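Subject: Structure handover

Hello,

Please find the structure below. My notes on it follow.

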Amino acid sequence: MKIRNLIPCVSLLGLVVLGLPTPAQACGGTFCDGGTQMPVDQTGEDILFVRDGNEVEVHVRIEYTGEASRFAWLVPIQAIPEVTVGSEPLFVALSQATLPSWQVSRGYECLDEDPNSWGSDDGGGFVPADDMAGGGPDVVYEAVVGAFEIVVLQGGTAAEVIDFLQANEYAQDPEAEPILQEYLDEGFLFAAVKLVAGVGVDAIHPLTFRMTADEFCVPIRLTRIAAEQDTGIRAYFLGQDRWAPSNYAHVVLNPLAYDWAFAQPTNYLELLTLAVDEAGGRAFATDYAGASDVVQTQAVYSELWDETEFIAVDPITAIDLIDQQGLANHPLIQVLLLEFIPPPDGLDPTDFWNNIGFYADQIDLGAWDGVLFAAALSEQIIVPGLHAVDLLDAWPKLTRLHTTMSPAEMTVDPIFHANSDLPDVSPQVTTSSQVLCGGDEQYSVDVSGTPTPVCVPAATTWPAIEGMPQALRVEQIPMTGPPQVTLDLTDAALALMATQQATVECASDQTGTGTDSGSDSGTTTTTSSGGDELGDDESTTSPSYDLPYDTSCGCSAEPAQAPLAIGLGLLVLGWLAPRRRRQA
């Protein structure tokens, strides 16, 4: 049967899909309404890469909103993969551990001016190629993985791939054909992913692709068709060493260009975006590089999880077991309950599950199957969680690279390599300041190890200096050895700030009502600013997080020749590139 109404409607990169159901809150083992507030990234794309010899794994978080029948995703890949369910809590934990946090440690000369001293605070399947005029690509792999049906297409021309997708009701833009042909010419296959018939979008979960390949990348050529401006891309790497971009620049951000006086998450994103632009539009910054054991795994996997206990029990006992095993807070548990212990029509699901004994006579016993529930629990929650923890245990080093890109810049697929000579990078950047009596504030900003004083008079903002670079350094990182600096703007940044500071003066206002004037023993507070956190209240130190995200597309180190911004709307993710000779 044909795929029904599978019309892709979002780009692969960027926060283009909103409104997915949020995971259950941690509220004493009960099932909760509402979203979970977490100090993690809210926008952008997440991919985790793991390479073990020639074997690679790519974990990708998928984001989508809209009708389930309209979900579609096209994935360029190098080889026939093994596809399994990925772990959503793994991505949450990775983000929590590596979120860039730019903070001000603020002291007050006059204690009564310290705000803290006052207490402030339907049918499945597809149309075979043989049924279409002129033939088409071969279907070399079929699988149902969690909530998804997956087919892998090999061979044929771009026109024939498009014909196959159109025959199965994937909307296409004919201008995409040259880009698809590029991937075919480079030896790529295409995986087409759709939701299983009858499954809602709340069942969407990460996927893991395992295959043999020589290198991997964040492929973006086809993505640019529907990408938004300044799309955020985050790539995580687990391995023995720190990872770096191979054919993109590496950029170090200029802390003097950051608005420390009004530190908030949007400042970091703006600084990153402008610094990448100064580096030519194709560069990554390192948000974190260090030990992988910083990732907290309590919510990723628990030894209490045991699917076998559910096989021979009734639905009421199953709900009790979910509570006892600590599964009630997992993002996918409610999806399984909707299938196996569905609430009666008109009854709120959380009220039903939390009080299931009261509704015993309304339980749909025909929907419950302990054997099938145990199998689904194992496949979608327990096995992915255990594998995620095993990966973190097996690989000592975690790297997080971050960039933003616009469609016009998405003509070269970034590829990456490991370098054992690179130092660790902390996600925390802290600047100290002293608020003088009367409101003037004296900052000390660390610029490549040099404390740099910056005075911000009362009732003014952080100095906006014409010509101040957003990038402190632009580098190329080799396979071995230290970064090779191609553009060092440190002296220029320091000189510009010194010139500006010569025109201002911070002085204590002794007419104030404060005590201990001249003392730096006043209360110290901390205001945080994270990488991609964009909560409704931008002044908060722990902005909200919307789950989950989506990810990226197909790979080449050479520019693509296809037209820009042609509105295909395909979801594309192809991370694995054939080995090619690097240019000297």
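What volume does the largest cavity have? The value is about 30 Å³. On a 1 Å grid over the protein atoms alone, a cavity is a set of points where a 1.4 Å probe fits but cannot get out, a pocket is an open set with protein on both sides within 12 Å along at least five of seven lines, and lining residues have an atom within 4 Å of a point. Grid points are joined across faces, edges and corners, and a volume is the space filled by probe spheres set on the points.

Before the rest, some background. This is a predicted model, in which local features need pLDDT of at least 70 and side-chain atom pairs count only at pLDDT 80 or more, while totals for chains, interfaces and linings use all residues. Residues are numbered from 1 along each chain as its sequence is written, and side-chain values use heavy atoms, with hydrogens and water left out.

The residues lining the largest cavity include Gly86, Glu88, His330 and Gln380. Helix 8 gives the most to this lining, with four residues. Helices (H or I, at least four residues) and strands (E, at least two) are DSSP runs, numbered from the N terminus.

The largest core has 73 residues, of which Leu207, Ile341 and Phe373 touch the most other members. Leaving aside residues up to four places away in sequence, Phe373 is in contact (heavy atoms within 4.5 Å) with Phe310, Ile322, Ile333, Leu336, Leu337, Phe340 and Trp368. Another core, of 30 residues, lies apart from it and includes Leu256 and Val474.

Ile333, Leu336, Leu337 and Phe340 are among the buried residues of helix 6. Six of the eight residues in this helix (333-340) are buried, and they pack against helix 5 (315-324), helix 7 (349-354) and helix 8.

The largest pocket has a volume of about 630 Å³. Its lining has 28 residues, and Val252, Leu253, Thr286, Val425 and Val429 are the closest to the pocket centre. Strand 13 supplies the largest share of the lining, four residues.

Regards

Definitions and conventions
Core = buried A, V, L, I, M, F, W, Y, C linked by side-chain atoms within 4.5 Å. Buried < 20%, exposed > 50% of the residue type's maximum accessible area, 1.4 Å probe, protein only.
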